[in-house]
Amino acid sequence: MLTFPNAKINLGLNITEKRPDGYHNLETIFYPIPVEDALEINILNEGNTKFRLHQAGLEIAGEAENNLVVKAYRLLDAEFNLPPVDIHLFKRIPMGAGLGGGSADGAFMLKLLNEKFGLGLTDEALEDYAAKLGADCAFFIKNRPTYAEGIGNIFSPVTLS
């Protein structure tokens with residue numbers, strides 16, 4: 001299965017305070033934009049590993065275990081004992097630019113696993129899992145313009161015209 005995690009921009013970002021846990025409380029509007037990565041998973045039928053991660057496009061620093069797509073897989077695997085998967089991630093969203101590329105990849109991985117393996121998770125359940133991955137990951141579950149507060153995890157609907 002193939003999906004295209006998109007980036008987001010922050011409209012009117014207001015940092016309200018720095019928290020003791022290193023995060024910042026904020027007020028912003030998260031707005032999805034059509035800059036996309038590509039993410040594909042297939043069942044891994046060979047070897048004795050739970051996952052294989054193939055990365056292309058923009059370079060991603062660090063170990064595969066720290067990638068949010070792998071963390072998303074491990075999170076759901078711990079509860080649902082998923083089959084081994086072959087993960088292909090093509091990065092186009094720049095890292096560290098505030099566009100949410102890693103967060104989108106993690107959230108879209110949760111949605112992809114839910115669909116591929118028929119887990120039956122609701123958007124609300126997926127948002128709970130996504131919140132465990134990172135501050136703004138949950139936004140990408142519904143992936144529509146949203147007023148965000150807290151560390152980017154408290155959402156209110158917003159209409160833009």
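**Notebook: a sheet and a helix pair**

I note here that the model is predicted.

Next I looked up the two strands involved. Strand β3 covers residues 24–36 and strand β7 covers residues 146–149. I found three bridges between β3 and β7, and their pairing is antiparallel.

I then asked which strands make up the sheet and in what order. I read the order as β2-β3-β7-β8, four strands in an open sheet with antiparallel pairing. I looked at the edges: β2 (6–18) and β8 (154–157) stand there with a single partner strand each, so one side of each has no neighbour in the sheet.

I moved on to the helices. Helix α1 spans residues 68–80 and helix α3 spans residues 123–133. I found that their axes come within 10 Å and cross at roughly 130°. How are α1 and α3 set to each other? An angle over 145 degrees would count as roughly antiparallel, and 65 to 115 as roughly perpendicular; α1 and α3 are therefore oblique to each other. I noted the crossing of α1 past α3 as right-handed.

Last, I listed the residues where the two helices meet. From α1 I wrote down Leu68, Lys71, Ala72, Leu75, Leu76, Glu79 and Phe80. From α3 I wrote down Tyr129, Lys132 and Leu133. I sorted the residues of this contact into seven nonpolar and three charged, with no polar ones.

Conventions
Residues numbered from 1 in each chain as written. Predicted model: local features only at pLDDT ≥ 70, side-chain atom pairs only at ≥ 80, totals over all residues. Heavy atoms only, no water. Axes fitted to C-alpha atoms, helices over the stretch in contact; angles between N-to-C directions. Parallel < 35°, antiparallel > 145°, perpendicular 65-115°, else oblique. Left-handed = near helix turned anticlockwise from the far one by under 90°. Contact = heavy atoms within 4.5 Å. Nonpolar A, V, L, I, M, F, W, Y, C, P; charged D, E, K, R; others polar. Pairing = 2+ DSSP bridges.
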